[in-house]
Amino acid sequence: MWLTQITAGVAARRKALRLIAVGALLAMAAGCSMARLAYEQLDRLVRWELGRYVSLTAEQRTVFDREFAVFWQWHRDEELPGWVDELRGLATQLEPGTSIDRARIEATSTHLSEIMRRLSGRFAPIACVVGPQLDAAQVEEVLDGVDEDIDELREEQVEIDPEDARKETRRSIEKGLRRWLGRLTGAQEQVIDAWAADRPSVAGAWLDYRLRWRAELESVLARRGDAAFCGRITTLMADGASLWTPAQKQAFADNRTRWLDLFAALIPTLTPEQRGHAQQRLRELAAEFEAASRAPP
């Protein structure tokens, strides 16, 4: 879906907010047919993802489950209905004879960023409760998990040959578009080729930011018993961009602009068949989320 591609291009905290991404956006990434199933298994999925970073005690798991249930109910009641309306609105905009201009694309990108920040802010209270209960070994486990993510970023996006990185970016874009549009035209593939060839990598800037974020996390967790802990961990989770340097802010802003340029160039080229394909998937996904919002927790 082109919306998720924009999100991927501008999300500064993708790995740092992995729990949020799994918890709230996995269904979109998995595809329409899996949306409701994934959402109804949300507690298990998030608990599994959390296990990648820290092994909680039975008591801590009970606390986490209780706090997550509050988050989940909020999301089901207040977020999913808006997602349904948004998806159906996008499907309507793909009707023959209508257009999605750059302003609409940019507004959608901004809206998705706001969703991520809102999810992060609502998820942070769980960290406020569970964080102070972690012992030294568990804190070290968390930091080791973050280090693994950073190493993965370094190996897969920073130390990789630039040409290989461009090919992987192009492959990822094309795969996502085909899932939502069907077969691409030759002209569309040329647009993607030219864009991928000219786009500068921001992987180095992301790596520097992630290292700084990790250092701040270690500092916050070292004082997890302080009264200020909740405020500090909330800021770190919901406003990691506050750690960006001026150079990083510019690099990320330029990167966002380039992603917007790509989709502003692609959307006018959509064929009637591609529009219909996207409409069907959007409406199916909206129906899945609507059903999930009405299902008992």
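**View 1. Arg117 in helix 6 of a predicted model.** Arg117 is a residue of helix 6, which spans residues 102-130. Helices here are DSSP runs of H or I with at least four residues, strands are runs of E with at least two, and both are numbered from the N terminus. Arg117 counts as partly exposed, at 40% relative accessibility. The classes are buried (under 20% relative accessible area), exposed (over 50%) and partly exposed (in between), with a 1.4 Å probe and protein chains only. Along the chain, Arg117 and Met237 are 120 residues apart, while their C-alpha atoms are separated by 8.6 Å. The model is predicted, so local features need pLDDT of at least 70, side-chain atom pairs count only at pLDDT 80 or more, and totals for chains, interfaces and linings use all residues. Residues are numbered from 1 along each chain as its sequence is written, and side-chain values use heavy atoms, with hydrogens and water left out.

**View 2. The disulfide between Cys128 and Cys230.** The count of disulfides comes to one, a disulfide being a pair of cysteine sulfur atoms within 2.5 Å. Cys128 is joined to Cys230, with an S to S distance of 2.1 Å. The bond links distant parts of the chain: Cys128 lies in helix 6 and Cys230 in helix 11 (residues 229-238), 102 residues apart. The torsion about the S-S bond is about 80 degrees, so the disulfide is right-handed. Cys128 counts as buried at 13% relative accessibility, whereas Cys230 counts as partly exposed at 34%.

**View 3. Gln60 in helix 5.** Gln60 is placed in helix 5, which covers residues 58-93. With a relative accessibility of 5%, Gln60 counts as buried. Apart from residues up to four places away in sequence, Gln60 touches Ser55, Gln133, Leu134 and Gln138; contact means heavy atoms within 4.5 Å.

View 4. A nonpolar core is a set of buried Ala, Val, Leu, Ile, Met, Phe, Trp, Tyr and Cys residues joined through side-chain atoms within 4.5 Å. The largest one has 74 residues, and Phe64, Phe68 and Leu217 touch the most other members. Helix 5 supplies the largest share of this core, 12 residues. Leu217 is in contact with Val142, Leu143, Val146, Ile233 and Leu236, leaving aside neighbours within four places in sequence.

**View 5. Helix 10 and Arg212.** Helix 10 comprises residues 203-222 and includes Arg212. The 20 residues of helix 10 should span 28 Å at 1.5 Å a residue, and the end C-alpha atoms are 28 Å apart, which agrees. The expected span is 1.5 Å times one less than the number of residues. Buried residues of helix 10 include Trp206, Tyr209, Arg210, Trp213, Arg214 and Leu217. The buried residues of helix 10 pack against helix 7 (136-158), helix 11 and helix 12. Arg212 itself is partly exposed, with a relative accessible area of 39%. Arg212 touches Leu243, Trp244 and Thr245, when residues up to four places away in sequence are not counted. The C-alpha atoms of Arg212 and Trp244 are 8.8 Å apart, and the two residues are 32 apart in sequence.

**View 6. The faces of helix 12.** Helix 12 (residues 246-266) has 21 residues and reaches 31 Å from the first C-alpha to the last, close to the 30 Å expected. The buried residues of helix 12 are Gln248, Phe252, Asn255, Arg256, Trp259, Leu260, Leu262, Phe263 and Leu266. Seen down the axis, these buried residues fall within an arc of 155 degrees, so they line one face of the helix; the arc is that of the directions from the helix axis to the C-beta atoms. The exposed residues Pro246 and Ala247 are on the face of helix 12 turned away from the buried side.

**View 7. The protein around these sites.** The protein has 13 helices and zero strands. Of its 297 residues, 44% are buried. Among contacts with a separation of 6 or more, 85% are between residues 24 or more positions apart. The accessible surface comes to about 14300 Å², and 52% of this belongs to carbon and sulfur atoms. Accessible areas come from the Shrake-Rupley method with a 1.4 Å probe; for residues, only the protein chains shown count as cover.
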